[in-house]
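Please look over the sequence and the model displayed below before reading on.

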Amino acid sequence: MRGSVALLLLAGLALCANAQNAIRGLNPDLAAHYSGAGGKFTCISGGKTIPFKQVNDDYCDCADGSDEPGTAACHNGRFYCRNLGHEPKLLAAAFVDDGVCDCCDGSDEVKGKCSNTCLQASAAHRESLKSNIAQYEQALATKADFISQARAFKQKLQTKAATIDQDYAAAQAEVERLKAEVSRLEAEESVQRAAEEAQRAADQAAQEQAAAAAAEHQELNAGSDGHAERTLQEEGQQASEEREETPEERGRRIASQWTNDPEAAGVPSSQEHVNEGQGEGEEHEHHGDYSHQDQHDHEDGDGEYHEPRPDRDEQEALSEWEDFMVFVGIVQEWGARWWHTLKTVFQKGIRDEVLAHRERQRQRVQEASSNQGNQETRGRRRQRQARAVDSPTPKPARRQRSRPATASSQPAAARIADASTPLGEVRAKLYDAEATLREAERDKERIATYLYGNLDFGPEDIFLALADQCFTSSQTRWTYEACIFKHAVQREGYSNSVTVGRWSGFSSDYKTMLFTGGDECWNVGPRSFTVAMSCGNENVLSDGEEPATCAYSAKFTSPALCNDEELIGLRNQLANLEAFEREVAEKIAKDEL
Amino acid sequence: MRRAIALGVGLALLGLLLPGSLAFKENEFKKCAQTSFCSRNRNVQQGANFEIVPASVTLNTATLTATLMNKQASKHLQLTLTAHADGFVRLLIDELPSVGRYQVPSDILVSGWETRKAAIKEESRSANGVVLVTGDTKLELNYAPFTLAVSVKGVPALQLNSRNLFNFEHRRPKQDSDPAGYWEETWMGHTDTKPKGPEAMSLDLVFPGFSHVYGIPERATSLSLKATNGNAPYGEPYRLYNLDVFEYLDDHPFGLYGSIPVMLAHKKGLTVGVYWNNAAEMFVDVVKGRDVGTQWIAESGVVDLFVFTGATGPAVLASYAKVAGTTALPQLFSLGYHQCRWNYKDEADVKAVDGGFDAHEIPYDVLWLDIEHTNGKRYLTWDSSLFPNPVAMQEDVASRGRKMVTIVDPHVKRDSSYYIFSEAESAGHYVKNKHGSDFDGWCWPGQSSYLDVTSPVVRNWWAQQFTTDKYQGSTKHLYIWNDMNEPSVFNGPEITMHKDNLHYGNVEHRDNHNLFGVYYHMGTADGLKLRGSQVDPENGDRPFVLSRAFFSGTQRVGPIWTGDNAAQWSHLKVSVPMLLTLGLTGLPYSGADVGGFFGNPDAELMTRWYQLGIYYPFFRGHAHLETQRREPWLFGPDVTARIRAAIRGRYALLPHIYTLFRAANTTGQPILRPLWFEFPEQEDLYAEEEEFMVGSSMLVKPVTAPSTFTVDVTFPQGSRWYDATTGAPVPPKTKTQRVEVNLNGIPVYYRGGSVVPRRERPRRSTAAQLADPYTLVVAADDKGEAEGQLYVDDGRSFAFQRGLYLHRDFKFSGNKLTSTKHVEPGVPDGTLTVPTTIERVVFLGLPAAKKGYKAVISDGVSGAKHTVALEAGPLSMAAAPDSTQALVLRKPDLPVSHDWTVEIVQV
């Protein structure tokens, strides 16, 4: 078998030499110019005429490089590789006779330098075509599923829509009722607690009086020692308030001048990348949690369960003035940093920095809290998700794992824990009722968006199969997340995120998704995000980048983009290729005979 | 709305902060007034305390010795003055008896010069002085006060202590009455204990009758050094203390990553160079009046001053090179274009960028990987998730003739599971803190220790880490980049090491701080040399290691770059005086990051930077982690075409550039030269820094501002000039002429009298150019004459040291162009022959001939002759295909290895 391939190759070379007996590297489309009539050659553009013997004499005479199709003499020359058995190629003259095999037939280098790999290249091409076809067929099957999922989703919404107003009102009423109940029980409890407090205060006052008398006595005996001790203590306190940076803090601060990338700037060994380590993935998911919450914070109705959190009200209460003061704080904090950092702030927009600062504060709070109760809330959340309108397609498992398992869910857990008391019991009920209400709200939103929102879901509503889903593309430093029909964000590490656009629609050919009107960008205007879509086996967002300032882009593949015509095209290509291969083999065989 | 308010407020605050942000930067670093040894010596007149003891003056052939007394302190110093055959005198002053003050180790300089001495004759002696003569140089030593005056052929060259600013602080016991700062000093929370107390020195050096001094890199400032008694920031002395300066400013006296204590002064007929061979922190003041006065204050060490004199700059640099050595001949690939970025993130990225150059037909030679390629900043390892197959990756890049570079920094992550750390720890290879335990500082990997490369034992161990069996995932195609070797210590004083840290031989870091960088660089280069000797035992492989920190002698090791510049026009502009200064101080192989490291250059800045960068001796594009991608093809097709043309222009000029590197290698001459260096008699060029010469034959005027449509080019007098694109002669009108420019290029001119070898075929890399024929550009001067050279060798090994090289002299005179063998005194004869030919000779500036010219070509070997007509045509098919300014000899196929003659005859 191998022997026969080698034979074919040799035969191919021989064929090559026979057919191409005159001018090396000549593009057959231009052959008419190289007839050699009158012993002259006229440069294809420019009109200069030279003796024909100067064609391919390894000296550039024509400004357009046309006198040297087969040498490297002209800076702008083009060399034609015939690549028999594969596809022809026009090569830069610069790559001719440079010691590198660029053409699969090896014709760009001196004989013997390169082996002919055209048949292998062709075979590889054939195999990849075959595998493409197989994948395409599978993708088209998935596409059919998408269409039925989209239809089912729409139907479900329509069913819900009939009773949504009543369901919502009922849920609201239940919340109000339980709230009143909680208030009543709390009032009762506080009366009781006040009485207990009063008794405790009286007891304590009596104790303190006795202690003061004893201390006075002691100080008289001890002289000035007590004073000295107090002063030292005070100094110590002062020193710790104004304490200098630790060496590590200083190192980190200086490192952060160069980059905002925590990985680049000396990560602690517990967090850094370890090639074989197990811990790393967890760390990253943990980071992911923070950013995920950030999204919860700014964007409601993302189809995710929304847990109560202790700092939420405080967050929303931040006024514009406070935002400004936070910004001033950032500026002060960065006073010791350089102009570059400030410039970065302005390039990215001040708003981002304010948000990032808030996020950092929140993280500090979270880090201080324990992880107790996470398991339980996670379980509850899953239950609740199940009760909400099902997303049209199941979420990928990876995203499920990265649900926020946050300390903010603690209060809920605490309430549940003491459900034995009457107040605790009612609070737990209220908690559930509030969740039901939020789900009803979300259903309302879904109905408004997907039923009455006048959105374009493409042919056969295919893109409705992607509703309620977000896709992420993680680059070295930035993560891009696109939530179709909603918005797209870019995240930096795990602390900062910026909205790069809100849903604007598909292009008319459904080959592009557009998100526009994102967060303001210094000197540019609102951010925008353009996603080029193509057929693929799975829904995958990739290649997120910022090709121009604040104009972001990514690629998205999905079975939804696949169509029968392209499959037919691929099948035709394969058929043509196979026919071509047969033809070449036959030709070779005939020449052999 | 909220956003709008925040934005508005931000704008207002920005306005307030802008001027302040500059001040912040300065506050991070010490000024003279905040530095005890500087403030207690700057402008302090105590030189009159020092007197020569007359009876002690002894002259012994080439050496004068004398006792120098600090009469106030009754302290004796030993003064030694030696004349050397290589055109310099050396002045040594140390304590008497010796107290073991630090002296720069001899391996920082070359060997051999010490024994090549020149006789000193005593011309006259009086009660208060002695006059000595060596060659053309006269030395007048005055006893009380102690002064030394140097003159050459009666022209004053240098005066020592004429401003009464000399000082030499001797070692002393600690006393309660000692001023603050003698024994301890605190800066921003760091306390420097000074167990040896004060030991600074002040040198008072006046250049009489000079107006311009140059040198003492590295800093971003003018070529001709400004006075330091001016307005801020030029009220501060220039500082020589290798530091990692974040976002350095483009016009400031503070010192950057490297130090070379060399200063040149030039006036008509005389160039003077001084070198203080001292590696401690140093401040240098410059004052200007009828003379240029300078005061040099160093914290520790001894006075070891070299004074070089010559009629011109080249003579002085040749003389300095006899002491500090010449530029190591680089591998040819390293003179191609380098593509770098913090960071090319993984193997797919490397493949895409490498492929991008071929797809856009842009030549390049080296792809670089910054710190993110490592496993957690453990140098000499790979992040296996991003680079699972580093060997295959390098082999793939190398299959197209290219190389790769990885970064290796001197901080070693403190992690006992990291083999480099644990091996070095158990062998005791780290710098110690003042308590004698391994110093623990913070850098990219977090907690780090620093290899004590000042020890030859450590350097030897370090060198062994670079063999391909030791450096896992490396191949012979991989070269090295040393960054952060000032050393940078993020949590140290001024982002470097504590001065009371201890090195090999119990030397304080204070004494050898400025040597750390060159020693690390040296150890790494030794490693690649070792690897090369394994790969090719017969000829070896010349090391390529880029360094950021440097000192005198770095030129023998490898190139440096000017560190973390910014994507600003001002940084583009200041790169020229920065690189010219490095060339004038013996370190010509250097470059600035094209595009600017910090920030995002726009297409115009990018274009102009490439158009200038192709003349940088070291030519690399680089960018910060948080910048947009900026590979040459990302700015639209027009910009890609311009950058392509620029980079191809670099490759076309490589025969000339490589030949210039050979001159740097043999005689210490710079690649880029200030105009005064080539035109030493034209005083109005002494401060010119907006244009420069490439060797002696090309003049380059970079465009350094946006939206530029015309530039004023100064054409030095006495030479003809030809536009290097079209070949058109510059009309001999005024010295400065307004020239129109467009985005396609910057003004570049051939100097009449030059022959410049080129290779016009735009290949993908230097390796792919190897067999290509040459073009010679012959630009005639007023007498119709020209000369030039071509140096060729294998471009990679040390075989040239055995004579395996080809060096030709081209001379055009009396209408005859000849090629003869170039003979260089002191180097073995070239014996290499190559089959390469000259495919094209282009004559510029031949007088008009009615019927034109023909060329009669005689083969020097066979004596056979044949005749070819010369045609009016373009200087270059690529740059100006339609121009007819040149007379072109078509395809003479002259062998570069042999003698031949081409005679130009009117038809």
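Which residue does a disulfide join to C535(A)? In this predicted model, the partner is C562(A), and the S to S distance of the pair is 2.0 Å. The link of C535(A) and C562(A) has 85° about the S-S bond and is right-handed. The two cysteines are 27 residues apart and link distant parts of the chain, with C535(A) in strand β12 (residues 528–535) of chain A and C562(A) in the loop between β14 (551–558) and α14 (564–592) of chain A. C535(A) counts as partly exposed because its relative accessibility is 22%, whereas C562(A), with a relative accessible area of 1%, is buried.

**Other disulfides of chain A**

A disulfide is a covalent bond between the sulfur atoms of two cysteines. Over all chains the structure holds nine disulfides, and among them is the one that joins C43(A) to C62(A), with an S to S distance of 2.0 Å. The link of C43(A) and C62(A) is left-handed, with -75° about the S-S bond. C43(A) lies in the loop between β1 (40–42) and β2 (49–51) of chain A, while C62(A) lies in the loop between β2 and β3 (78–81) of chain A, so the pair ties together parts that are 19 residues apart in sequence. C43(A) counts as buried because its relative accessibility is 3%, and C62(A) counts as buried at 0% relative accessibility.

A further disulfide is formed by C60(A) and C74(A), whose sulfur atoms are 2.1 Å apart. The link of C60(A) and C74(A) is right-handed, with 105° about the S-S bond. C60(A) and C74(A) are 14 residues apart, and each is placed in the loop between β2 and β3 of chain A. Both C60(A) and C74(A) are buried.

The table sets out the angle and handedness of these links.

| Disulfide | Angle about the S-S bond | Handedness |
|---|---|---|
| C43(A) and C62(A) | -75° | left-handed |
| C60(A) and C74(A) | 105° | right-handed |
| C535(A) and C562(A) | 85° | right-handed |

**Cysteines of chain B**

C340(B) counts as buried because its relative accessibility is 2%, and C443(B) is buried with a relative accessible area of 0%.

**A serine in chain B**

S151(B) is found in strand β8 (residues 147–152) of chain B, and it counts as buried because its relative accessibility is 9%, which is under 20%. When its neighbours within four places in sequence are left aside, S151(B) is in contact with D136(B), T137(B), K138(B), E140(B), P156(B) and A157(B).

**Chain B as a whole**

The secondary structure of chain B comes to 14 helices and 51 strands. The radius of gyration of chain B is 28 Å, close to the 29 Å that the globule rule gives for 907 residues, so chain B is as compact as a globular protein of that length. Along its principal axes, the C-alpha trace of chain B spans about 90 × 75 × 65 Å. Of the 907 residues in chain B, 65% are buried. Among the contacts in chain B between residues at least 6 apart in sequence, 71% join residues that are at least 24 apart. Chain B exposes about 29300 Å², and carbon and sulfur atoms supply 52% of this area. Its side chains include 89 positive and 97 negative ones, and the centres of the two sets lie 3 Å apart.

**Chain A as a whole**

For chain A, the secondary structure comes to 14 helices and 14 strands. Buried residues make up 42% of the 593 residues of chain A. Where contacts in chain A have a separation of 6 or more, residues 24 or more positions apart account for 54% of them. Chain A exposes about 30800 Å², of which carbon and sulfur atoms supply 51%.

Methods
Residues are numbered from 1 along each chain as its sequence is written. Chains are lettered from A and ligands numbered from 1 in the order in which they are written. This is a predicted model: local features need pLDDT of at least 70, side-chain atom pairs count only at pLDDT 80 or more; totals for chains, interfaces and linings use all residues. Side-chain values use heavy atoms; hydrogens and water are left out. Helices (H or I, at least four residues) and strands (E, at least two) are DSSP runs, numbered from the N terminus. The radius of gyration is taken over C-alpha atoms; the globule rule is 2.2 Å times the number of residues to the power 0.38. Buried means under 20% relative accessible area, exposed over 50%, partly exposed in between (1.4 Å probe, protein chains only). Contact means heavy atoms within 4.5 Å. Accessible areas come from the Shrake-Rupley method with a 1.4 Å probe; for residues, only the protein chains shown count as cover. Lys and Arg count as positive and Asp and Glu as negative; His and the chain ends are not counted. The place of a charge is taken as NZ of Lys, CZ of Arg, CG of Asp or CD of Glu. A disulfide is a pair of cysteine sulfur atoms within 2.5 Å.
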